[in-house]
Amino acid sequence: MVPFSVEANGHSFRAAQVIVGRTKHYGGPFSITTGADLLSDRFEIAAFTTTNRFRFPSHMLAVWLSRLHRQRDVHFVHASQVRCHADPGSTVYVEIDGEPAGKLPFGFRIVPDALTLVVPENETRARSPGVH
């Protein structure tokens, strides 16, 4: 894994893998970005900082057991936009929802009111009191 730079909330940090989520579930029943909310104006970013491939099985087990937040080399940040940059001379590929999407640099941002969602009224009020 090739580490790269991540910018979010005006801060920069290094990561070897980043998952940017606006929902709690990833790939079906797996919860990775558990602090994310589709009705919120921010993403939750899970940044995996290790480049040690032998830690990957530990992360997968932690996801399976809903304990990813306890991993010392996984950090979570909330932001309305995130930008990732590869180091000069490095190529890092981007995947979105399991599909190839290009290579770094790449960014994600929340665009307010870009989509209209039809959500049951009781679901809307239970999750986000300010949304009607």
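The questions below concern the sheets, one surface patch and the aromatic pairs of a predicted model. Local features need pLDDT of at least 70 and side-chain atom pairs count only at pLDDT 80 or more, while totals for chains, interfaces and linings use all residues. Residues are numbered from 1 along each chain as its sequence is written, and side-chain values use heavy atoms, with hydrogens and water left out.

Q: Which residue in strand 2 is the bridge partner of Ser 5?
A: Strand 1 (residues 4–8) is antiparallel to strand 2, and five bridges pair them. Within strand 2, Ser 5 has as its bridge partner Arg 14.

Q: Which residue of strand 8 stands opposite Val 6?
A: Strand 1 also runs antiparallel to strand 8, joined to it by four bridges. The residue of strand 8 opposite Val 6 is Cys 84.

Q: Which residue in strand 11 is the bridge partner of Gln 81?
A: Strand 8 pairs with strand 11 over four bridges, in the antiparallel sense. The partner of Gln 81 in strand 11 is Arg 109.

Q: In the open sheet with the order 3-6-7, which residue of strand 7 is the bridge partner of Ala 46?
A: This sheet of three strands has antiparallel pairing. Its edge strands, each pairing on one side only, are strand 3 (17–21) and strand 7 (74–79). Six bridges pair strand 6 (residues 43–48) with strand 7. The partner of Ala 46 in strand 7 is Phe 76.

Q: What is the relative accessibility of Leu 117?
A: Leu 117 lies in the loop between strand 11 and helix 2 (121–127). With Leu 38, Leu 115 and Val 119, Leu 117 makes a nonpolar surface patch of about 360 Å². Leu 117 counts as partly exposed because its relative accessibility is 45%.

Q: What is the angle between the planes of Phe 30 and Trp 64?
A: Phe 30 in strand 5 (residues 30–31) and Trp 64 in helix 1 (residues 56–64) are 34 residues apart. Rings of Phe, Tyr and Trp (its six-membered ring) pair if their centres lie within 6.5 Å; planes under 30 degrees apart count as stacked, over 60 as edge-to-face and the rest as tilted. The pair of Phe 30 and Trp 64 is tilted, with 5.7 Å centre to centre and an angle between the planes of 45°.

Q: What is the centre to centre distance of the aromatic pair of Phe 106 and Phe 108?
A: Phe 108 is partly exposed, with a relative accessible area of 26%. The pair with Phe 106 is tilted, with 55° between the planes, and the centre to centre distance is 5.5 Å.

Technical notes. Pairing = 2+ DSSP bridges. Helix = DSSP H or I, 4+ residues; strand = E, 2+ residues; numbered from the N terminus. Patch = residues over 30% accessible without salt bridge, like charges linked within 9 Å, V, L, I, M, F, W, Y side chains within 5 Å. Areas by Shrake-Rupley, 256 points an atom, 1.4 Å probe, with all protein chains shown as cover. Salt bridge = Lys/Arg side-chain N within 4 Å of Asp/Glu carboxyl O. Buried < 20%, exposed > 50% of the residue type's maximum accessible area, 1.4 Å probe, protein only.
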